[in-house]
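Work through these exercises with the sequence and the structure side by side. Try each task before you read its solution.

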Amino acid sequence: MKKIERKQTRDHITQMLRYEILSGSMKPGDELAQESIAEQLGLSRMPVREALQALEQEGFLVRLPNRHMQVARLAPDHVSHIFRAIAVMATELFSLVPAAAGESLAASARALGHPGERARELAFHETLISYIDNRYLEKIYQQFLDGYIGYVILYLKEDNQESAQILSSLMEAIRQGDRAEIAQETQRYFLSLAEIMRQHMKDWESAEASIREN
């Protein structure tokens, strides 16, 4: 891990460690000590402790009797359960987006099909959810974006065409106020992301197994 500036907050540390776990760089069973991480990053222990506690609450870490943390094991099949749960809540949130916003959002969604639009897809989610005008729900959804969703979009997806098509259909459903279609397209979108994450996890598990055998 590289040292980071002291001005960077607990949130930056949390995101960095979260992505280290999701990438497989930090493996299930790895033990983390706040002292060691703080030293590697050139920071005090306080923001590191808070970051580890946040990741424990999110289920990425488990606390050990010695007060250290351990990277939790998450089976690839569990990823589908997580994304299905996100899709259920997202359906409710997307249903709150005003129909009048659907047309402009659909145009933005279609543009996501162009190469190099990964960061814009994440920004699209933030714009979309801002239309519900509810800070509490926005923060909950932002937690999803900071975790699995953001990691898949920014680091794993190779083709944006499918997402652009699904999101365009979803925005059209919002424009028409078609709740059944909103639910269908929302689930289709998140399950497509889940499959990418599942395959990623299977790939690095296979790589680890191969290393152990050799």
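**Exercise 1. Count the salt bridges between domain 1 and domain 2.**

Step 1. Take the bounds: domain 1 is 6–71 and domain 2 is 76–205. They come from an automatic or database domain assignment. Residues are numbered from 1 along each chain as its sequence is written.

Step 2. Look for a side-chain nitrogen of Lys or Arg within 4 Å of a carboxyl oxygen of Asp or Glu. The model is predicted, so local features need pLDDT of at least 70, side-chain atom pairs count only at pLDDT 80 or more, totals for chains, interfaces and linings use all residues, and side-chain values use heavy atoms, with hydrogens and water left out.

Step 3. The count is 0 salt bridges.

**Exercise 2. Describe the interface between domain 1 and domain 2.**

Step 1. Find contacts (heavy atoms within 4.5 Å). Here 8 residues of domain 1 touch 11 residues of domain 2.

Step 2. Find the buried area, the accessible area (1.4 Å probe) that two parts lose on being put together, summed over both.

Step 3. Y19, L22 and S23 supply 62% of the area that domain 1 buries against domain 2, more than any other three residues.

**Exercise 3. Which residues lie nearest the centre of the largest pocket?**

Step 1. Define a pocket: on a 1 Å grid over the protein atoms alone, an open set of points where a 1.4 Å probe fits, with protein on both sides within 12 Å along at least five of seven lines.

Step 2. List the lining residues (an atom within 4 Å of a point). There are 22, and R18, A54, E58, Q143 and D146 lie nearest the centre.

Step 3. Check the domains. Each of domain 1 and domain 2 gives at least three residues to this lining.
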